[in-house]
Amino acid sequence: MSSHDRPVSGHPQDGTAIDWAQLGPLLERGAALQTPLYEQAAGWLRDLLIPDVASDTGAVAGAVAGEDAVGRILDVGSGPGVVSCLLARAFPAAEVCAVDANEALLERARARAARLGLDGRIHTHLAEVPYGLDSLGGGDLIWSSRALHHVGDQRGAVAALAGHLRPGGLLAVSEGGLAPRFLPRDIGIGRPGLQSRLDAAAEDWFTEMRAALPDTTGAIEDWPAFLADAGLRTPRTRSFLLDLPAPLSADARHYIQANLTRAMELYGDQLDPDDLSTLARLTDPYDPAGITRRPDAFLLAAQTVHTARAQ
């Protein structure tokens, strides 16, 4: 399973039960909304891989020359390819391979690359994450966002990706952060604190999803430790903020509406009738208290990226 986009109300659904043809547009819209966050992350990765190089012609010329050092990027768990395209722009000398286990999402990635004039530098590879990469060769940068927590053995998944790094290459794993917030504590309908209760239900659902994965192993989710165990060095961790204040665009509010609808489908049975009634009103496009009509809706989230280098 792959998604660069965590639903605003909780964790993505287990890949075995997703209708990707239906969900693909929502994933692409969500990732596009998070472009400011991903641009920050891509800029940080660029600084790590291509530091300014002092020379007689200046640091800018040195940095441009250093771009050739990043010739191949693997976006493992690429989803609809939004971040693949951002990485292609951040590293203009690099070929980018978008890797995903679902052909419908890879088709969206190819279409997006073509629209942006990047189809000559972005190609796709259909494979289960992370164990279907043997035919791809290595990468100077391997990026994986919110895909490895859908692998039973997360430590083993990190080690598998590390094995595809070229010498000196960088593995960047985006896992963790802060659950998105999108409404005030008291929204004027139902009991205050709805979002906290949604978060708790999502965590319970996510725990059950992880327990049901094939070959799942219990481990403290210490991603820097996973990177170190894979033999990588120079660990770095940084979080990036998405801050879309109220009033949100209509597109952003419709995105939240769609994710609240999915929340009811995924773990509505864990919520009490009052909260379900509140969610029904929030997702109703004709209700004045609904999310698509609320001037107080916002989107605030943080995403954490863990990196380390091959020897």
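Two strands count as paired if DSSP finds at least two bridges between them. Helices (H or I, at least four residues) and strands (E, at least two) are DSSP runs, numbered from the N terminus. Before you start clicking, note that this is a predicted model, in which local features need pLDDT of at least 70, side-chain atom pairs count only at pLDDT 80 or more, and totals for chains, interfaces and linings use all residues. Residues are numbered from 1 along each chain as its sequence is written, and side-chain values use heavy atoms, leaving out hydrogens and water.

**Stop 1: the sheet.** Colour the strands and you will find seven of them in an open, mixed sheet, ordered β3-β2-β1-β4-β5-β7-β6. At the edges are β3 (122–126) and β6 (233–244); each has a single partner strand, so one side of each lacks a neighbour in the sheet. From one strand to the next, the twist averages 20°.

**Stop 2: strand β4.** Now select residues 139–145, which make up β4. On one side, β4 pairs with β1 in the parallel sense over three bridges, and D75 stands opposite W143 in β4. The pairing of β4 with β5 (residues 165–181) is also parallel, over six bridges. Show S145 here, and you will see S174 of β5 opposite.

Stop 3: Axes are lines fitted to C-alpha atoms, for helices over the stretch in contact (heavy atoms within 4.5 Å), and angles run from 0 to 180 degrees between N-to-C directions.

**Stop 4: D199.** Move on to helix α7, residues 194–211, where D199 is found. Is D199 buried or exposed? D199 is buried, with a relative accessible area of 18%. Leaving aside neighbours within four places in sequence, D199 contacts A179 and R181.

**Stop 5: where α7 meets α10.** To see the contact, show L194, R197 and L198 of α7 with D275, T278, L279 and L282 of α10.

Note on methods. Buried < 20%, exposed > 50% of the residue type's maximum accessible area, 1.4 Å probe, protein only.
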